[in-house]
Amino acid sequence: MKTKGNKKELTLMLIPGAGHRVVRFKLRRISLYLVPTTAIIVILGFSLTIYVQNTSYQNTTHQLTETFNGQEKQLTDQLMLKDSELEKLQIELIDLSKQAEQFKARLEEIRKLEDKFSSGPAAGKSESAAGFPSPSALSSMGGPAIPAEERDMTGLASKTRSELSGMITDIEGLITSLTESERKLQEARRTKRITPTIWPSDSRSITSTFGVRRDPFSGSPSVHAGIDIDGELNDPVYAAADGIVSDAEYNPQKGNFIAIDHSRGLQTEYLHLNRTEVRPGSTVRKGQIIGRVGSTGRSTGTHLHYEVHKNGVKINPSPYLISNRKDEE
């Protein structure tokens, strides 16, 4: 080792072997400290880098694990909720299917009622359209619990959808039929209201019939255009049908009389009244009191002369006398 000034050097010799030249290397002493120090620093830096990366990796892994666990729990909860909602929808579908069956049975009962209404009484007891007893009779149930599979629910949904679609068509047809039946019923009721079918008085004693007779005043053959109904003075006289009073006055032949127009070519007249209780133009209801029995005009005693006119022709009223006032109420 040689020293130059304040610096110290190290001389290294490399002796390759006999007959070869000796190689010398000169190194400063500080180099002996710098190399290991640098190596230590590099190792420490590398170790620190690995530590930091490992810590970051662990933190990231922990966060990802927590995030995954949270998402997994959320997904599990959502799946459970969807399963619960699906089960609820399945139950609702089953209930809807039962309601469809019940509705179908009721629809069949309505159809039978409509048939009975339009065609007369029908035999047989009420059953559903499929031939099973009415759902109200099915109160006791049992059997093993077999979980419903997807194909079962799909089949049930398809069956229910088909039945509901068919019932909608049936209902539309039934509504049309019932509407027409209601129209006919209303028309029948109106026809009944404007047809003079009730007795115009409480008495049922006919003293003179419709047709040819001996005139009570002259004794000669004459045509009697109505029927005479016996009665006491001031007995009530009733409108034989709904209508509008076309005339209510005194006539020397008819005495106090009332004429009512019932539309559709039908009119009635009430003669020899003691007094009238309606005026021309007023609307009267079937069975309403319109006057009182008397003996005014060409009459031999207290009675009601009653006429029915059809299209201006006087016809026999007797066939129309088929009911009492209370039967019409």
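Buried means under 20% relative accessible area, exposed means over 50%, and partly exposed covers what lies in between. Keep those cut-offs handy for the exercises below, and keep in mind that this is a predicted model.

**Exercise 1. Get your bearings: how many helices and strands does the protein have, and what percentage of its residues is buried?**

Step 1: Start with the secondary structure, which comes to three helices and 15 strands.

Step 2: Now the burial. Of the 329 residues in the protein, 25% are buried.

Step 3: Finish with the contacts. Taking those with a separation of 6 or more, 61% are between residues 24 or more positions apart.

**Exercise 2. Sort H272: is it buried or exposed?**

Step 1: Find the residue. H272 sits in strand 11, which spans 266-276.

Step 2: Look up its relative accessible area, which is 5%.

Step 3: Apply the cut-off. Buried means under 20%, so H272, at 5%, counts as buried.

Step 4: Check the backbone too. H272 has a phi near 65°, which is a positive value in a residue other than glycine.

**Exercise 3. Describe the second largest pocket: which residues lie nearest its centre?**

Step 1: Begin with the space, about 430 Å³.

Step 2: Go to the lining. It has 24 residues, and R213, H224, H272, R298 and H305 lie nearest the centre. So the buried H272 from Exercise 2 turns up here again.

Step 3: Trace the lining back to its elements. Strand 4 (206-208), strand 6 (221-224), strand 11 and strand 14 (303-310) each give two or more residues.

**Exercise 4. Take the hairpin of strand 5 and strand 6: how many bridges join the strands, and which residue between them takes a positive phi?**

Step 1: Strand 5 (residues 211-214) and strand 6 run antiparallel, joined by four bridges.

Step 2: Pick out a facing pair: R214 is opposite P221 of strand 6.

Step 3: Six residues lie between the strands, and G219 takes a positive phi near 80°.

Key: Residues numbered from 1 in each chain as written. Predicted model: local features only at pLDDT ≥ 70, side-chain atom pairs only at ≥ 80, totals over all residues. Heavy atoms only, no water. Buried < 20%, exposed > 50% of the residue type's maximum accessible area, 1.4 Å probe, protein only. Contact = heavy atoms within 4.5 Å. 1 Å grid on protein atoms, 1.4 Å probe; cavity = no way out; pocket = protein on both sides within 12 Å on 5 of 7 lines; lining within 4 Å. Points joined across faces, edges and corners; volume = space filled by probe spheres on them. Pairing = 2+ DSSP bridges.
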